[in-house]
Amino acid sequence: MRRWTFTGNHPKPDLIILDLGLPDLDGLEVVRRLREWTTLPIIILSVRNQETVKVSALDAGADDYLTKPFSVEELLARMRVVLRHSAGLSQKAEEPVFTLEDWKVDLSSRQVFMDEKEIHLTPTEYKLLTTLIRHAGKVITHRQLLKEVWGDAYSNEDQYLHVYMTRLRHKLEKDPARPKHLMIELGVGYRLKVD
């Protein structure tokens, strides 16, 4: 996935218009990756008019879906709607890089560093870490983590969570037996400690 950096006098975009028919990456995967680090409104434009595709795009994080062909007036109206909705939400600065002491997680490029050294995480480990980052400082129940990372069918598979949290601790904690950040809340869930 291409990475755009907005620096200097370049304005930050207000919304993203995305065609699902991309040459080098599935458009739905682009939406999922964007949602890992931004809340910018996303409007999908596509010739695909199947209900299942529309539902998948919206579930992945798109705010609207417009089927081709369409009029410019309709696109502009939908843009105004998503911009009104996003303006009504509390606006905070979007920072695609999460840092915590010696950790640096670049959410746009999906890279994780500890002490300036890149740490390789499996896709599941990465998804678990970014879920903890999204809820940093808060306790997330076992069930909630299992549903967000593995899906509804795994909501009672606590052993998955235990195995992957152990792996994350070994990769990201200096002393995995005495973690500073990846904390367990006994009988409840896990918390990414940020204070």
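This is a predicted model: local features need pLDDT of at least 70, side-chain atom pairs count only at pLDDT 80 or more; totals for chains, interfaces and linings use all residues.
## Surface and overall make-up

Residues are numbered from 1 along each chain as its sequence is written, and side-chain values use heavy atoms, with hydrogens and water left out.

The chain has 6 helices and 10 strands, these being DSSP runs numbered from the N terminus (helices H or I, at least four residues; strands E, at least two). Of its 195 residues, 38% are buried, where buried means under 20% relative accessible area, exposed over 50%, and partly exposed in between (1.4 Å probe, protein chains only).

Strands pair if DSSP finds at least two bridges between them. Strand β10 (residues 189-192) pairs with strand β8 (residues 139-141) in the antiparallel sense over 3 bridges, and glycine 189 in β10 is the bridge partner of threonine 141.

Strand β10 is also joined by 4 bridges to β9 (residues 182-185), again running antiparallel, with tyrosine 190 of β10 standing opposite isoleucine 184. The hairpin of β9 and β10 has 3 residues between the strands, and glycine 187 there takes a positive phi near 75°.

A search of the whole structure finds 2 aromatic pairs. Rings of Phe, Tyr and Trp (its six-membered ring) pair if their centres lie within 6.5 Å, and planes under 30 degrees apart count as stacked, over 60 as edge-to-face and the rest as tilted. The rings of tryptophan 150 and tyrosine 160 have centres 6.0 Å apart and planes at 80°, so this pair is edge-to-face. Tryptophan 150 lies in the loop between α5 (142-149) and α6 (158-172), whereas tyrosine 160 is in helix α6, 10 residues apart. At 31% relative accessibility, tyrosine 160 counts as partly exposed.

Tryptophan 150 and tyrosine 164 are likewise edge-to-face, because their ring centres are 5.4 Å apart and their planes stand at 65°. Both tryptophan 150 and tyrosine 164 are buried, and Trp150, Tyr160 and Tyr164 form one aromatic cluster.

## Charges over rings

A charge sits over a ring if NZ of Lys or CZ of Arg is within 6 Å of the ring centre and within 35 degrees of the ring normal. The charged end of arginine 167 sits over the ring of tyrosine 164, 4.6 Å from its centre, and lysine 104 lies over the face of phenylalanine 113, at 5.5 Å from the ring centre.
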